[in-house]
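Please go through the structure shown below with this briefing beside it. The notes are grouped by topic.

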Amino acid sequence: MTERTIAIDERLATDAGLHVGDRVVVSAEPGSSTVDTVRIAAIVRGRADPAEVARSEYRVRVHLDQLQQLLAYGDRVDRFAMLTAQGPATDSALRWINSAAFGFRAYRSREIAVETSKTFLVVSRFHRAIGMITIVASATFLLCIMLLKVDERRRDVAAMRLMGISRQTVVQSVMLESSFVALLGSAFGVGLGFVTAALVNAHYQSVYRTPLRFAIITPETVGYSVLLSLLLGIGAGALAARRLARTPPLALFGR
Amino acid sequence: MRFQLAALSLRRHASRTLLAMLGVAVSAAMLLDMVMLATGMRESFASLLGRTGFTIRVSPRGTLPFDSEAMIGQASEAQAAMYRIAGVTAVAPVLGATIHVLGHATPITAFALGVDPAVQGDYQRLEGTEPTAPDALVASDALLAALAARIGDTLDVAVGFDPQLRTYTGRRRLVVTGRARFIYLSATDRAVALQLGALQAMGGVDRSDRVSLFMLRTAPNVDPEVARAAIERALPRVTALSTAGAIAEAEHRLSYFRQLAFILGAVSLVVGFLLVTTIVTVSVNERIGEIAVMRAIGVSRWHVVQQIVIEGIGLSLTGAAGGLVLGIFTARYLNSILRGFPGLPDAIEFFLFQPDAAFRALGLLVVSGIAAGIYPSWRAASLPISSTLREEAVG
């Protein structure tokens with residue numbers, strides 16, 4: 001009789017010091033009399049599946065009949081996965097199974113995905129809420145800093161006004177400066193974001209031993225944050241500059 | 001005098017002060033929320049596990065309770081062995097299975113727990129009587145609502161389906177004797193509890209003398225860890241987990257939230273500190289001349305430092321107070337989002353307000369506000385008086 005083979009996951013191979021070609025004894029329960037000696041034929045890396053990320057259990061793939069024998073499960077399976085030609089073929093297959101096979105229930109993969117992804121929808125909603133709070137906090141911080149930055153220019157603004165430069169030009173120049181500062185800050189922030197995301201990924205990938213990426217910076221994220229900081233910078237600059245431009249130059253000098 | 005001067009200085013730039021306070025309040029709220037998140041899960045999970053007094057959970061080797069479909073065989077023998085271990089006062093066997101309630105257009109599926117009603121920690125009976133007879137069960141409100149059933153009704157229940165014979169297996173008629181709240185399940189879960197022997201018998205040979213887990217009580221003077229180790233020595237085919245171990249395992253699984261809380265909490269603290277530092281530094285720089293005049297007329301350096309530090313404390317304290325209110329509201333909102341996790345037990349709260357931890361965190365923010373004011377104030381108070389006055393006068 002040919003020797004049966006199994007595939008084990010990378011984490012189990014590392015932790016137990018197993019290699020391809022090693023022989024191991026498998027059983028359904030410790031101490032069970034039903035055992036099987038098998039050869040490790042492959043070491044596989046788990047998929048980047050968020051549903052399994054917090055589960056630290058090991059995975060072993062065995063042949064169906066071998067598992068049925070080990071578990072004394074008889075000719076039974078938990079579920080079937082079916083490949084259909086897309087569209088109407090899927091609908092008719094679903095109708096046929098659900099009407100003909102009494103006691104079974106066929107689902108579309110999409111329906112199952114919706115059901116199993118509920119956890120991630122909750123996490124996603126939580127992230128969005130935390131993101132909103134962070135945006136409010138950083139917007140307030142940015143607004144504060146920009147107001148202070150512009151306020152520091154009161155003597156320069158006073159000098160410009162005394163030289164005869166129009167209010168509009170003063171406001172525009174201050175706004176230009178604040179938008180430049182905001183843009184520079186955003187560029188630094190984007191860089192910091194990439195470094196932080198890399199650190200977060202490295203940390204959680206090692207904690208959960210998964211290739212899953214936990215933090216992803218998309219062009220949309222970069223665009224959104226740069227736009228937000230630019231708008232806040234310009235807004236704060238305009239607000240402070242208009243206030244300064246309306247104040248008499250000598251008052252700005254403290255006279 | 002110092003307080004008055006500090007207040008006047010803050011009021012001089014009202015919009016800036018208001019914005020800084022708002023910034024500190026948002027940072028404080030975030031910090032508070034993250035402290036609540038970091039401690040809340042642990043505390044509520046510990047309270048959930050400790051509620052019924054069971055200190056050890058025993059599951060098939062290498063698994064956590066109800067983490068897989070694995071079962072412990074020869075359960076009676078294992079139960080007897082556990083009773084022989086010193087300090088073990090009660091052993092509650094539990095078998096989990098899926099049941100189908102028939103007699104409706106489509107069978108209604110529910111989670112069934114086979115228990116010993118005299119020693120169980122899985123449910124709290126709300127109404128009716130315990131399922132002491134082999135044909136009795138107690139059901140959750142969600143299941144009773146789905147079935148439109150009441151106490152006293154008889155249900156047609158099966159545990160499986162044989163596709164070859166096209167018949168339900170393990171079919172029995174069971175009477176609803178009570179209504180119960182299942183401690184480890186969510187309010188929306190459809191569940192029943194019945195006698196262990198009845199559920200084992202319904203499962204046939206597959207479930208004969210098998211259980212999913214045991215829950216154990218230990219004597220108050222016995223360290224559960226010692227009893228846990230003794231169980232694993234006596235029964236090598238099981239994994240025993242003390243409440244502390246279960247909490248550690250849950251923390252590992254939910255470490256993402258704890259670490260997120262730590263990172264965001266630290267960022268909030270830094271942002272709060274930076275905000276107060278910036279405001280105080282700018283405020284001091286603007287008042288260099290004023291401070292030099294104060295020093296010239298004999299006001300002590302220490303007095304100047306105190307006045308500026310009081311400004312920092314004022315900003316931090318007001319921000320922290322606002323943050324406390326804001327934080328509690330946002331925590332409720334965030335908790336309501338996370339409570340949406342499917343199958344989460346009712347007793348689990350992600351954000352738990354614990355006065356000690358909350359006030360420690362806000363205290364840290366106020367201390368950082370004090371620290372933020374010390375350096376700029378000391379630097380301003382230490383400037384040479386005559387040259388500063390001259391520079392300020394010339395402009």
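**Chain A and its partner**

Among contacts in chain A between residues at least 6 apart in sequence, 69% join residues at least 24 apart; two residues are in contact if their C-beta atoms, placed from the backbone, lie within 7 Å. This is a predicted model, in which local features need pLDDT of at least 70 and side-chain atom pairs count only at pLDDT 80 or more, while totals for chains, interfaces and linings use all residues. Residues are numbered from 1 along each chain as its sequence is written, and chains are lettered from A and ligands numbered from 1 in the order in which they are written.

**Chain A overall**

- Chain A has 9 helices and 4 strands, where helices (H or I, at least four residues) and strands (E, at least two) are DSSP runs numbered from the N terminus.
- The order along the sequence of chain A is β-α-β-β-β-α-α-α-α-α-α-α-α.
- The C-alpha trace of chain A spans about 100 × 50 × 25 Å along its principal axes.
- In chain A, 16% of the 255 residues count as buried, that is, with 20 or more other C-beta atoms within 10 Å of their own C-beta atom.

**The side of chain B that touches chain A**

- Contacts link 32 residues of chain B with 26 residues of chain A.
- On this side of chain B, α2 (14-50), α8 (255-286) and α10 (301-338) each supply at least two residues.
- The largest share, 8 residues, comes from α2(B).

**Packing of α5(A) on α2(B)**

- Helix α5 (residues 118-151) of chain A packs against α2(B) at an angle of about 155°, with the axes 9 Å apart; axes are lines fitted to C-alpha atoms over the stretch in contact, and angles run from 0 to 180 degrees between N-to-C directions.
- The two helices, α5(A) and α2(B), are therefore roughly antiparallel, the term for angles over 145 degrees.
- Residues making this contact include A:I133, A:F141 and A:L148 of α5(A), and B:R16, B:V26 and B:M30 of α2(B).

**B:L326**

- B:L326 lies in helix α10 of chain B.
- B:L326 counts as buried because it has 21 C-beta neighbours inside 10 Å.
- Leaving out residues up to four places away in sequence, B:L326 touches B:A25, B:V26 and B:A29.
- The C-alpha atoms of B:L326 and B:D33 are 9.4 Å apart, although 293 residues separate them along the chain.

Terms used: A residue is buried if 20 or more other C-beta atoms lie within 10 Å of its own, exposed if 12 or fewer, and partly exposed in between; C-beta atoms are placed from the backbone. Angles under 35 degrees count as roughly parallel, over 145 as roughly antiparallel, 65 to 115 as roughly perpendicular and the rest as oblique.
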